[in-house]
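I set out to record the surface of this protein and its charged contacts. The entries follow the order in which I looked things up.

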Amino acid sequence: MSNAMYNKMWHQTQEALSSLLDKESQKMMEPQRNQVFIFQMLATFYIKYVQIFRNLENVYDQIVHPQKRILIRKILDAVMGRILELKNEMVELELTEFHYFDDILQDLKLAPKYQVKPIPLEEAVKLIQIAERARQGRLRAMFMKQIYLQEYRAKQARLLGDKVADVSAAALRIQKVWRGFHQCKRTEREREKEMIFLGMNPPPLFNEVSAAVIQADRLSHLRNKVQIKHEEEYRDALVTIKDDLKLTEGPDIKENLQDQIRHWFIECRNLTGTFPDYPNEEEGGSAIIFSNKTPQQVIDDIIASQDEEEKTKKKKKEKKEKKVKKEKEAKETKEKNKQEEDEMWKMSPSVFLHTMEEGNSVYKDLWKNKDESWNFPQDYDPELIKEDKRKELESEIRVQVDELMRQELKNLKLAVSREKELPARQGKKKGGKKKNKKKGRKGKKDKDLTVDRTIESLYKELVEEGLLIQALKVNLSDYIGEYSYLGTSLRQVSIEPMPSLLDVRQLITLYGILPLGSAAVHEKAPLVKSLLLAGPSGVGKKMLVHAICTETGANLFNLSAANITGKYPGKSGLQMMLHVVFKVARMLQPSVVWIGDTEKTFYKKVPHAERKMEPKRLKKQLPKMLKLLKPDDRILIVGTTKRPFDAELQPFCKAYQKIILVPRPDYASRYVLWKEIIQRHGGVITDTLSVSCLAKITDGFTQGHIVQVVKEVLTERRLRQQSHKPLTALEFVASLTSMNPVYQEEEDSFKDWYAKTPMGKKRALALTGGNKENEKDKGKKEKKGEKEKKKK
């Protein structure tokens with residue numbers, strides 16, 4: 001695809017974004033009551049933003065123009081942030097982390113329909129009758145053909161004699177066998193093509209890299225080189241163009257500014273009788289007076305401000321009288337508004353909509369109708385750089401001019417003014433500055449325990465201690481699975497579906513990868529500091545942790561109870577360990593702090609065998625560390641657990657902001673897993689290997705089990721034998737017998753545990769039609785009752 005095609009794709013995506021922003025601004029103003037309608041609205045926006053995000057991501061990846069890429073990145077970050085905001089809205093509305101959009105996707109024509117329309121009975125009978133009559137007709141025709149051939153052979157034998165008849169019969173027999181064999185092979189090939197088309201069988205040369213893929217990789221490598229080259233040239237141009245402007249236009253800018261400010265001095269003197277006070281550098285200097293204004297507009301502002309001063313004096317008296325009335329009215333209206341707010345739902349204001357609108361308006365003004373016929377290689381546009389650098393140069397020169405003009409104003413005041421107000425004014429200013437300084441004092445910062453040490457030495461120490469580990473190179477796409485296509489249908493009949501593997505993968509993207517990957521998104525989007533992955537052994541919890549690090553380039557710190565045993569002993573040692581870990585994590589962000597088997601940190605009762613390990617060392621420190629994390633710290637704490645029920649529920653749920661249940665794979669996911677993993681390990685799937693059979697009998701087995709079985713079966717010797725001895729399902733079944741699956745009872749125990757978590761309780765309450773306020777009132781009443789009992 002050429003660069004022009006990606007430009008066209010960008011224009012189309014911008015148009016889609018523009019219309020979506022218009023719809024959002026309309027809907028945000030409308031308060032709603034119907035929860036189903038609200039969710040459908042949010043989900044529709046969410047899906048459309050995801051589409052825009054994918055297109056923009058593709059465009060950002062392919063376009064080589066450096067200035068376009070800066071704007072696209074800005075809009076892309078804002079779209080990512082808006083996706084997270086909408087996800088947060090949906091979580092708060094439905095009180096669950098998992099959402100299903102089957103019906104909405106069908107309405108938007110983004111997915112195939114899964115429901116088949118029922119046929120009327122009369123029509124069905126008619127179809128069966130037609131098929132049956134056709135079958136009978138074919139059968140009758142076959143019998144008639146056989147009778148005709150018998151009569152024909154007898155006639156030939158009478159006319160030509162027995163010998164000739166035998167030769168023709170033999171030839172006919174050979175023809176029959178050959179045609180049968182040829183048709184059989186042809187049917188097999190057609191069946192194979194059909195199975196490939198339906199996605200039931202892999203295409204030929206599935207594991208071999210095609211020439212097109214090699215060419216695409218080569219082109220993407222070349223494109224990356226061009227992108228880097230154009231960005232370097234753009235950065236160099238920012239410096240050189242500014243230097244050229246300083247030489248050519250700098251003196252003129254300085255002269256114009258001085259003339260403008262002098263004109264202001266004289267006009268103020270003429271209008272007010274005194275020279276104006278020159279704004280401080282902290283306030284912005286003369287820029288605050290002349291920002292986008294002509295000298296005449298500045299004079300008009302001075303006159304207007306004088307009139308306003310007189311009006312405000314009169315208004316002050318009136319305000320005092322009105323205040324008393326307003327306070328009474330406010331109390332009454334507050335109560336009414338509270339009731340209305342509870343009934344009416346309104347979308348919370350977005351931090352990212354303004355950025356998207358800003359980016360969209362820049363696109364419309366600059367790029368939408370821009371003629372780029374002169375710029376075929378898509379290098380930087382020097383005129384755009386000049387525009388930006390002129391403003392930058394003007395602000396730099398203004399600082400110098402302000403210093404000169406302040407002195408000039410001082411000299412004018414000394415020469416013209418004979419009043420003695422100047423010292424008093426200066427005294428007030430000095431006093432004011434001192435007060436500001438006092439206000440500006442910051443609170444005491446936490447003591448840096450390693451002031452004298454470099455980040456390199458701390459990094460080395462953490463690696464040597466095994467607290468900073470190398471993340472495995474695992475992509476999120478390697479976490480194989482399938483979507484749950486029955487989520488909406490099950491929820492409609494009040495059954496809470498178990499999340500699918502791709503639902504989990506989506507949450508990892510939203511809560512882990514997007515915020516860690518972009519500083520702009522992390523700073524403004526709903527902040528997720530900690531994440532808990534809970535699920536049985538072998539479902540890929542650790543793999544997801546490594547995938548977050550691979551996708552975002554994050555450092556991985558291991559603070560699992562087993563890993564920190566005996567390291568940095570004592571209270572001071574623990575304090576030092578956490579200080580070093582979080583200092584390095586901040587300085588070299590993004591970072592992931594992983595706590596494996598995290599239930600041990602919050603044990604209800606420490607098992608006797610683990611007492612020496614001191615598993616609860618981090619229990620009190622972890623909440624403190626979470627409080628210290630700020631929006632600009634791209635650090636995510638990820639806990640993994642296979643036994644969450646062993647932990648104290650309250651502190652456990654306080655430490656982990658988001659809890660994600662990672663399930664055992666369902667049938668659809670197992671089918672995809674078996675196919676993918678067998679092929680990745682060199683296996684060839686033929687008709688003799690029933691993948692659907694394997695998927696069916698491995699209900700309860702995890703991804704870990706499937707990988708282990710495939711590795712055991714597909715030895716080097718077995719892979720060599722495949723050409724004459726294809727794989728069968730029985731070979732894999734034998735290895736499964738020695739493994740313990742995840743039984744339904746274990747999955748139910750995870751569900752029961754999740755129902756006790758804050759989000760689980762809210763969801764259960766919403767399903768039973770309970771009211772949050774009633775629950776709060778009950779809790780308050782219970783607490784009051786307990787206090788009264790204690791007093792007695």
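**Surface and overall make-up.** The model is predicted: local features need pLDDT of at least 70, side-chain atom pairs count only at pLDDT 80 or more, and totals for chains, interfaces and linings use all residues. Residues are numbered from 1 along each chain as its sequence is written, and side-chain values use heavy atoms, with hydrogens and water left out.

I noted 30 helices and six strands (DSSP runs numbered from the N terminus: helices are H or I with at least four residues, strands E with at least two). Of the 792 residues, 37% are buried (buried is under 20% relative accessible area, exposed over 50%, partly exposed in between; 1.4 Å probe, protein chains only).

**Salt bridges.** I searched the whole structure and found 29 salt bridges (a side-chain nitrogen of Lys or Arg within 4 Å of a carboxyl oxygen of Asp or Glu). I then examined individual pairs.

Lysine 68 and glutamate 372 meet through their side chains at 2.6 Å, N to O. Lysine 68 lies in helix α3 (residues 66-94) and glutamate 372 in the loop between α11 (353-367) and α12 (382-416), so this pair ties together parts 304 residues apart in sequence. I checked burial: lysine 68 is buried at 1% relative accessibility, and glutamate 372 is buried at 18%.

Arginine 69 forms a salt bridge with glutamate 231, with the closest N and O atoms 2.4 Å apart. Arginine 69 is in helix α3 and glutamate 231 in helix α7 (residues 211-248), so parts 162 residues apart in sequence are tied together. Arginine 69 is buried at 9% relative accessibility, whereas glutamate 231 is partly exposed at 25%.

I also recorded the salt bridge of arginine 390 with glutamate 249, whose closest N and O atoms are 2.9 Å apart. Arginine 390 belongs to helix α12 and glutamate 249 to the loop between α7 and α8 (250-272), 141 residues apart. Arginine 390 is partly exposed, at 32% relative accessible area, and glutamate 249 is partly exposed, at 25%. Salt bridges with shared partners join Lys242, Lys389, Glu392 and Glu396 into one network.
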